[in-house]
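Here are my comments on the model you sent.

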Amino acid sequence: MALRLVLRLISEIANRQQKWIEPMLSLTVDFYVRLFIRVHEGAKPCHESIGKYSQVFQCLECEAHYLHPYGLHTFEETTFDKEGKKSKRHVVTKKPEASKGDEDEEEAKTSTRERYQLPKFRIPHQCTVCDGPLIMGGPIWNDPIYNIDFVKRLLASTRLNAEGENGHKVKTTERIQAILSAVIDESVLSGTPLSYEFSHIVSTLKAVNPRKGQILAAFNSLGYLVAQTYYDPKLFKTNAPPEVVYDIFKAWKNHISGGDPKKVLLNIAEGSLAQRIIQRDPA
Ligand SMILES: [Zn+2]
């Protein structure tokens, strides 16, 4: 989260000068952050920054967190029929590509207008996993913190260096390569800013840790992505909502307890956080 707090601040300062930033590689290494950023000129892209900042709402009692973006960058596409009358209008969050339609569609015209909107506030008033109170943090940078093509080129370059073909040898090549490879592995969830420490969830539920393969299979079977973060093997990112994350670990606890409700609640105190989480209905 430290990286994203700093990136948001740099972006805001750049925007004041009619510049915008493109993070190429952002790393948390040991106890400091290291950011490689390209700074571009241009007032118009500065407007897009509003969609790259989010406020974070974190549960005080469990790992659940929620993001509220500052703004939405949308595209309103209007299609006109052959007589020039508006026939269709819809709003999307990704820039529409030019259509390659049949002859009739070629005669129809389409115009696209960019819009910046305030998003509806969809943050719950209390945690959806344990009913605990939420605290507000941020704002953070919610956009990807690296340019994955750049990272892949950098990794290829370090491999050349390791072989001495560039005439340079870096002593920490192996460590750099391990970090860059982990960044590439994590990039399937580059649009997901924050992570979960699954071992905390397992500990709260008084269960034993599942194997990594079992975790990945559980999320994938529900259609969600999950990836280990490059900066800490204990932390995982997922695009599943918090309730689903906890439902998976509740199902795991039920599985290892043989489906016996008494065993599921064994050694769990009345009114405790674990009991509140377990007894809450699945999402
Ligand atoms: Zn909670």
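1. The model is predicted.

2. Contact between domain 1 and domain 4. Domain 1 puts 10 residues into the contact, and domain 4 puts in 12 residues. On the side of domain 1 that touches domain 4, the residues are 4 nonpolar, 3 polar and 3 charged.

3. Nonpolar core. The largest nonpolar core has 26 residues. Cys59, Cys62, Cys127, Val129 and Ile277 touch the most other members. At least two residues each come from helix H6 (198–204), helix H7 (212–221), strand S10 (226–228), helix H8 (242–256) and helix H10 (273–279). H8 supplies the largest share, 5 residues. Where does this core lie? It lies between domain 1 and domain 4, because both give residues to it. As background, nonpolar side chains in soluble globular proteins tend to be buried together.

4. Cys127. Leaving out residues up to four places away in sequence, Cys127 touches Cys59, Glu61, Cys62, Ala64, Gly132 and Leu134. Of these, Cys59 and Cys62 are also named with Cys127 among the core members that touch the most others.

5. Helix H8. Does the length of H8 agree or disagree with its 15 residues? At 1.5 Å a residue they should span 21 Å, and the end C-alpha atoms are 22 Å apart, so the length agrees. The buried residues of H8 are Pro242, Val245, Tyr246, Asp247, Ile248, Phe249, Lys250, Trp252 and Lys253. That list includes Asp247, Lys250 and Lys253, which count as charged. Just after H8, Gly258 has a positive phi of about 65°.

6. Strands S9, S10 and S11. S11 (residues 235–238) pairs with S9 (residues 196–197) in the antiparallel sense, through 2 bridges. Here Glu197 stands opposite Leu235. S11 also pairs with S10, again antiparallel, over 3 bridges. Val226 has Thr238 in S11 as its bridge partner. The hairpin from S10 to S11 runs through 6 residues.

7. Phe75. This residue sits in strand S5 (residues 72–80). Is Phe75 buried, exposed or partly exposed? Phe75 has 15 other C-beta atoms within 10 Å, so it is partly exposed.

Note on methods: Residues numbered from 1 in each chain as written. Predicted model: local features only at pLDDT ≥ 70, side-chain atom pairs only at ≥ 80, totals over all residues. Contact = placed C-beta atoms within 7 Å. Core = buried A, V, L, I, M, F, W, Y, C linked by C-beta atoms within 7 Å. Buried ≥ 20, exposed ≤ 12 C-beta atoms within 10 Å, placed from the backbone. Helix = DSSP H or I, 4+ residues; strand = E, 2+ residues; numbered from the N terminus. Domains from an automatic or database assignment. Expected span 1.5 Å × (residues − 1). Pairing = 2+ DSSP bridges.
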